[in-house]
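Hello,

Here is the structure we talked about. Please look it over, then read the notes below.

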Amino acid sequence: MSLGSEHKAVQEPLIRYAVEAGWEYLPPEEALRLRGGEESPLLRTVFIEQIQRLNPGVVDSVVKAEEVLNRLVRVRPNIEGNLEAWEYLKGLKTVFVEAERRERNVRLLDAANIEANRFHVTDEFTFTNGTHTIRPDVVFLINGIPVIGRVKIYV
């Protein structure tokens, strides 16, 4: 007895369950467009919009939002980088607010008001850092940030 393809047996049901739970499905082509290419693991346009919306008066320009995005994308791929990414997600990282002449915490997620966040799911999400390429079968993104994926690694 054949179970069929991995796509039919695993990916499609996982995506269907996510959509039923309220996640928005993005076709791979749309996710790639929102990322700005395979070199970015984040949905750039969604991230920039959400970080500004969640941080009024703190992240008040696209330039400031891109600064945070670039800092987040450059975290090291090791345990220290995992800690730094976690600190971003917990709202422990800061940005300098020129008008106030001080550092302020920046929020990437709104834990108190879940509806303020944007939830996406996509599949066949190819990402390359120039040396290695990974292609998760399914990726879940909150506010444009990939939070979990079912991964295959290609070298």
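**What I found**

Asn143 is buried, because its relative accessibility is 1%. Keep in mind that this is a predicted model. Asn143 sits in the loop between strand E7 (138–142) and strand E8 (145–150). Its phi is positive, about 55 degrees, although Asn143 is not a glycine. Most residues other than glycine have a negative phi.

Glu124 is another non-glycine residue with a positive phi, near 50 degrees. It belongs to the loop between strand E4 (119–123) and strand E5 (127–128). Glu124 counts as partly exposed, because its relative accessibility is 28%.

**Helix H2**

Which residues of H2 are buried? They are Ala31, Leu34 and Arg35. Seen down the axis of H2, they fall within an arc of 100 degrees, so they line one face of the helix. These buried residues pack against strand E1 (24–26), H3, E4 and E5. The face turned away from the buried side carries the exposed residues Glu29 and Arg33. After H2 comes Gly36, with a positive phi near 80 degrees.

Arg35 deserves a look of its own. It is placed in helix H2 (residues 28–35). Arg35 is buried, yet it has no salt bridge. How far away is the nearest side chain of opposite charge? That side chain is Glu38, and it is 6.3 Å away. The backbone of Glu38 is another matter: its oxygen lies 3.3 Å from a polar atom of the Arg35 side chain. Setting aside neighbours within four places in sequence, Arg35 is in contact with Ser40, Pro41, Leu42, Leu43, Arg44, Phe125, Thr126 and Phe127.

Glu30 pairs with Arg33, with the closest N and O atoms 2.7 Å apart. The two are three residues apart in helix H2, so about one helical turn separates them. Glu30 is partly exposed, because its relative accessibility is 29%. Arg33 is exposed, with a relative accessible area of 53%.

**Helix H4**

H4 covers residues 62–73, twelve residues in total. At 1.5 Å a residue, the helix should span 16 Å. Its end C-alpha atoms are 16 Å apart, so the two values agree. The buried residues of H4 are Lys64, Ala65, Val68, Leu69 and Leu72. They cover an arc of only 140 degrees around the axis, which puts them on the same side of H4.

One of those buried residues is charged: Lys64. Its relative accessibility is 6%, so it counts as buried. What does Lys64 form with Glu98? The two form a salt bridge, with the closest N and O atoms 3.2 Å apart. This pair links distant parts of the chain, 34 residues apart. Lys64 is in helix H4, while Glu98 is in the loop between strand E2 (94–97) and strand E3 (102–105).

Arg71 is partly exposed, with a relative accessible area of 24%. Glu67 is also partly exposed, with a relative accessible area of 34%.

**Other points**

How many salt bridges are there by this rule? The count comes to ten. Glu100, Arg102 and Arg104 are linked in a network of them.

Pro56 is found in the loop between helix H3 (44–54) and H4. Its relative accessible area is 62%, so Pro56 is exposed. Pro56 and Val106 are 50 residues apart in sequence. In space, their C-alpha atoms are 9.8 Å apart.

Best wishes

Definitions and conventions. Residues are numbered from 1 along each chain as its sequence is written. This is a predicted model: local features need pLDDT of at least 70, side-chain atom pairs count only at pLDDT 80 or more; totals for chains, interfaces and linings use all residues. Side-chain values use heavy atoms; hydrogens and water are left out. Helices (H or I, at least four residues) and strands (E, at least two) are DSSP runs, numbered from the N terminus. Buried means under 20% relative accessible area, exposed over 50%, partly exposed in between (1.4 Å probe, protein chains only). The expected span of a helix is 1.5 Å times one less than its number of residues. The arc is that of the directions from the helix axis to the C-beta atoms. A salt bridge is a side-chain nitrogen of Lys or Arg within 4 Å of a carboxyl oxygen of Asp or Glu. A polar contact is a pair of N or O atoms within 3.5 Å; within protein, one must be able to donate a hydrogen and the other to accept it, and residues adjacent in sequence count only if both atoms are side-chain atoms. Contact means heavy atoms within 4.5 Å.
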